[in-house]
Amino acid sequence: FRVVPVTTLAEALLQLQQQNFDAVLLDLGLPDSNGLKTLQRLHHAHPSTPLLVLSGLSDEEVAMQSVQAGAQDYLLKSEINSRTLRRALLYGIERQRTQDMLQRSRDFYLSLLEEFPALIWRADPQGRCDYFNKAWLDFTGRSLSDQAGDGWAQGLHPDDAEKCLQIRREHFARRAPFSREYRLRRSDGEYRWLADYGRPFHDLSGHFAGFIGACYDITDAKQSAARMEHQRLELQLANLQLQNANELLTELAV
């Protein structure tokens, strides 16, 4: 290995901009950044570069949070030797390559959904949306970056938001399929009724990878059903009035 040492996060970010690296050994305690924020900033700036965290603390919670934040491994300085470090680096690099291949495969199949008339979305295992197809973006008139994470929920009708998000949280926790109806603001400002169907999906290893869903505009059907219900009630009222009139006529005839 050829090692390029730096002492601050700013230096690391500069080096990563100037050339490609196979991996980064990251100490969470740097002069200009400390804790998981250091890892998050580096991973956000260079998501395809494998990160291995070095720490002097044996903290399982921090180790788990580091992996969830994008680290390939969490190494204790007191337990590192040339053999374990080499193995961790090689495994980290290989895992990152595998993840990148899976990501490219998912992105390829998502590209096939770009021209679907249905509104398609995808969320990661934590429930944060990371993809919307062209139909969704055209419908809302907002960019992907504006709607990523939970940003899409800003377009929900105030009367539907709480119930919609509750259904989402409950089914994400159980990793169970769900369907729901809610109103979403269209690009022209009108709220339209959507039928949303979400399903969990898994990666090639069988691990839960998130949810993917499709939405259909059912506003016209809802309005037709409402008109039919209104007509049914009017007919029921007319029948009741006719029945009352017949009873009155019978009484007058008697």
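This is a predicted model: local features need pLDDT of at least 70, side-chain atom pairs count only at pLDDT 80 or more; totals for chains, interfaces and linings use all residues.
**Exercise 1.** Describe the second largest pocket: what is its volume, and which element gives the most to its lining?

*Solution.* First, the volume is about 720 Å³. Of the 28 lining residues, V3, V4, A23, V24 and L25 are the closest to the pocket's centre. Then go through the elements that supply two or more residues: they are α1 (9-18), β1 (24-27) and α4 (82-111). Helix α4 gives the most, with 5 residues. Finally, sort the lining by type: 18 residues are nonpolar, 6 polar and 4 charged.

**Exercise 2.** Take the salt bridge between R122 and D130. Is R122 buried or exposed?

*Solution.* The two side chains meet at 2.9 Å, N to O. Buried means under 20% relative accessible area. R122 is at 6%, so it's buried. D130, at 35%, counts as partly exposed.

**Exercise 3.** Which residues are linked with R186 in a network of salt bridges?

*Solution.* Begin with D188: its side chain meets that of R186 at 2.8 Å, N to O. E190 also meets R186 at 2.8 Å. D188 is exposed at 52%, while R186 is partly exposed at 23%. Now widen the view: the network links R186, D188, E190, R192, D217 and D220.

Note on methods. Residues are numbered from 1 along each chain as its sequence is written. Side-chain values use heavy atoms; hydrogens and water are left out. On a 1 Å grid over the protein atoms alone, a cavity is a set of points where a 1.4 Å probe fits but cannot get out, and a pocket is an open set with protein on both sides within 12 Å along at least five of seven lines; lining residues have an atom within 4 Å of a point. Grid points are joined across faces, edges and corners, and a volume is the space filled by probe spheres set on the points. Helices (H or I, at least four residues) and strands (E, at least two) are DSSP runs, numbered from the N terminus. Ala, Val, Leu, Ile, Met, Phe, Trp, Tyr, Cys and Pro count as nonpolar, Asp, Glu, Lys and Arg as charged, and the others, Gly among them, as polar. A salt bridge is a side-chain nitrogen of Lys or Arg within 4 Å of a carboxyl oxygen of Asp or Glu. Buried means under 20% relative accessible area, exposed over 50%, partly exposed in between (1.4 Å probe, protein chains only).
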